[in-house]
Amino acid sequence: MTDSEPDVLSGLRVRPYMVTGGRTRSVVELPLETIVRVTPEGQKAAGTLNLEPRQIVELCHQPMSIAEVSAHLRLHLQVAKVLVGDLVHSGHVATHSATADATDRPDLQLLERVLDGLQSL
Amino acid sequence: MNNPIPVKIVVAGGFAVGKTTFVSAISDIEPLTTEAAMTKVSEGIDDFGDAKTKKSTTVAMDFGRVGLSDELVLYLFGTPGQDRFHFMWDELVRGAIGACVLIDTGRIDQCFPAIDYMENAGVPFIVAINAFDGMLRHHPEDVREALDLPRHIPVVVTDARHRAAVRDTLVALVRHAMTMAHAT
């Protein structure tokens with residue numbers, strides 16, 4: 001335990017982009033609802049990763065959105081995106097979204113499925 | 001287990017109109033909060049390198065998740081209604097099914113920025129009057145007139161505390177989005 005440790009551990013007292021080396025853009029385009037899941041490579045490599053990437057890999061044994069990753073690890077959304085982008089790039093996690101082009105609106109077929117799902121709640 | 005397909009709906013509206021209540025009424029999880037930060041450069045100064053001209057804005061968003069099937073998960077994002085949070089809306093509405101604009105008829109003007117934004121961005125949206133005290137102070141058609149909404153935009157009455165009412169509101173939005181998708 002050192003005097004500086006509480007600052008490092010208190011999350012929001014640290015400049016948010018410190019953990020990304022100052023980068024504010026992800027290497028891949030990731031909407032906040034993108035589902036993230038650990039890959040077998042990620043499971044093997046978890047112990048070798050830095051703190052935040054390791055936490056993401058461990059958390060994403062259960063598939064979850066980037067927004068959830070951000071909330072659970074108390075990382076700013078953009079920071080979570082940069083870190084997930086790195087992990088996609090290194091093959092430690094895989095991502096999944098609704099459409100090939102994230103800017104598209106869901107098509108009719110998908111909307112039908114959403115409607116069915118809501119009506120069965 | 002396959003990865004579920006994520007879809008999202010934006011829940012917009014003014015301060016304290018019941019966005020988080022609406023989300024938590026139907027969410028499988030306690031609503032979570034994510035923070036997004038944006039650095040704005042002061043107007044009239046284009047030197048991005050000068051730290052003194054930058055101002056940081058943080059916006060907290062509450063969101064929930066609803067498992068619709070093994071293969072489909074719906075995220076509901078509640079977003080503050082003020083103009084200054086538009087930077088988040090651009091990202092939120094991208095790829096979204098659409099938006100529910102929650103209104104409180106006592107403070108109807110609070111929803112103007114959200115409605116203007118959704119109209120301009122071409123996002124399918126409905127207006128949901130939150131009759132959270134069990135009293136409907138204004139008829140939906142009066143609200144439509146007050147908001148100068150086109151006929152094809154649904155105006156529904158909801159109760160953000162009740163799961164069934166929230167589900168019906170989401171159903172109304174998805175149906176509207178389907179009509180809009182047919183039309184294009």
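The model is predicted, and I kept local features at pLDDT of at least 70 and side-chain atom pairs at pLDDT 80 or more, while totals for chains, interfaces and linings use all residues. Residues are numbered from 1 along each chain as its sequence is written, with chains lettered from A and ligands numbered from 1 in the order in which they are written.

Chain B. I looked up contacts between residues at least 6 apart in sequence, and 70% of them join residues at least 24 apart. I found five helices and seven strands, taken as DSSP runs (helices H or I, at least four residues; strands E, at least two) numbered from the N terminus. From the N terminus on, their order is β-α-β-β-β-α-β-α-β-α-β-α. Of the 184 residues, 44% are buried, that is, have 20 or more other C-beta atoms within 10 Å of their own C-beta.

Contact between chains. I noted 35 residues from chain A and 30 residues from chain B. On the side of chain A that touches chain B, E1 (35–38), H4 (66–73), H5 (77–89) and H6 (108–119) each supply at least two residues. H6(A) gives the most, nine residues.

Core. I took a nonpolar core as buried Ala, Val, Leu, Ile, Met, Phe, Trp, Tyr and Cys residues joined through C-beta atoms within 7 Å. The largest has 81 residues, and Val84(A), Ile9(B), Val11(B), Ala99(B) and Val101(B) touch the most other members. H5(A) supplies its largest share, seven residues. Not counting residues up to four places away in sequence, Ala99(B) touches residues including Ile9(B), Met118(B) and Phe125(B).

Terms used. Two residues are in contact if their C-beta atoms, placed from the backbone, lie within 7 Å. A residue is buried if 20 or more other C-beta atoms lie within 10 Å of its own, exposed if 12 or fewer, and partly exposed in between; C-beta atoms are placed from the backbone.
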